[in-house]
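Dear colleague,

I am handing over the structure below, and after it you will find my notes on what was found.

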Amino acid sequence: TVYRFDLAARRGDYTYAGSQGKRVRVWGDLAVTPEGDGARLTQHFHVEISIPLVGGTVEGMVARKAAEFWPRYQQLVAEFVARRSTP
């Protein structure tokens, strides 16, 4: 996975390249924007699997697995922010 960040713009993106070659694409981006007294982290996750007849099914499986992990990821981010926000 390759991550690219522009810290001044508070934005980043990533791409994944695995042994499946061009048939599997995973990519996303994130941005931190001001919101009230704090900030909002917005992320996008994309997956595209180009395998005839089963690509859409596999995409759905990957998306479901990502959705299962997402609450834990949100918890980890919240814990990190809480630690960094404490004086």
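Leu 7 lies in the loop between E1 and E2, where strands (E, at least two residues) are DSSP runs numbered from the N terminus. Leu 7 is exposed, with a relative accessible area of 73%, exposed meaning over 50% with a 1.4 Å probe and protein chains only. Together with Tyr 3 and Phe 5, Leu 7 makes a nonpolar surface patch of about 400 Å²; such patches are made of residues with over 30% relative accessible area and no salt bridge, nonpolar side chains being joined within 5 Å, and a salt bridge is a side-chain nitrogen of Lys or Arg within 4 Å of a carboxyl oxygen of Asp or Glu.

Please keep the origin in mind: this is a predicted model, in which local features need pLDDT of at least 70 and side-chain atom pairs count only at pLDDT 80 or more, while totals for chains, interfaces and linings use all residues. Residues are numbered from 1 along each chain as its sequence is written, and side-chain values use heavy atoms, with hydrogens and water left out.

As for the fold, four strands form an open sheet in the order E1-E2-E3-E4 with antiparallel pairing, two strands being paired if DSSP finds at least two bridges between them. Its edge strands, each pairing on one side only, are E1 (2-6) and E4 (38-49).

E1 pairs with E2 (residues 11-16) over five antiparallel bridges, and Phe 5 stands opposite Gly 12 in E2. These two strands form a hairpin with four residues between them, and Arg 10 in the turn has a positive phi of about 60°. E3 (residues 24-35) and E4 pair in the antiparallel sense over 12 bridges, with Leu 30 opposite Gln 43 in E4.

Best regards

Definitions and conventions:
Patches are made of residues with over 30% relative accessible area and no salt bridge: like charges are joined within 9 Å, nonpolar side chains (Val, Leu, Ile, Met, Phe, Trp, Tyr) within 5 Å. Accessible areas come from the Shrake-Rupley method with a 1.4 Å probe; for residues, only the protein chains shown count as cover. Buried means under 20% relative accessible area, exposed over 50%, partly exposed in between (1.4 Å probe, protein chains only).
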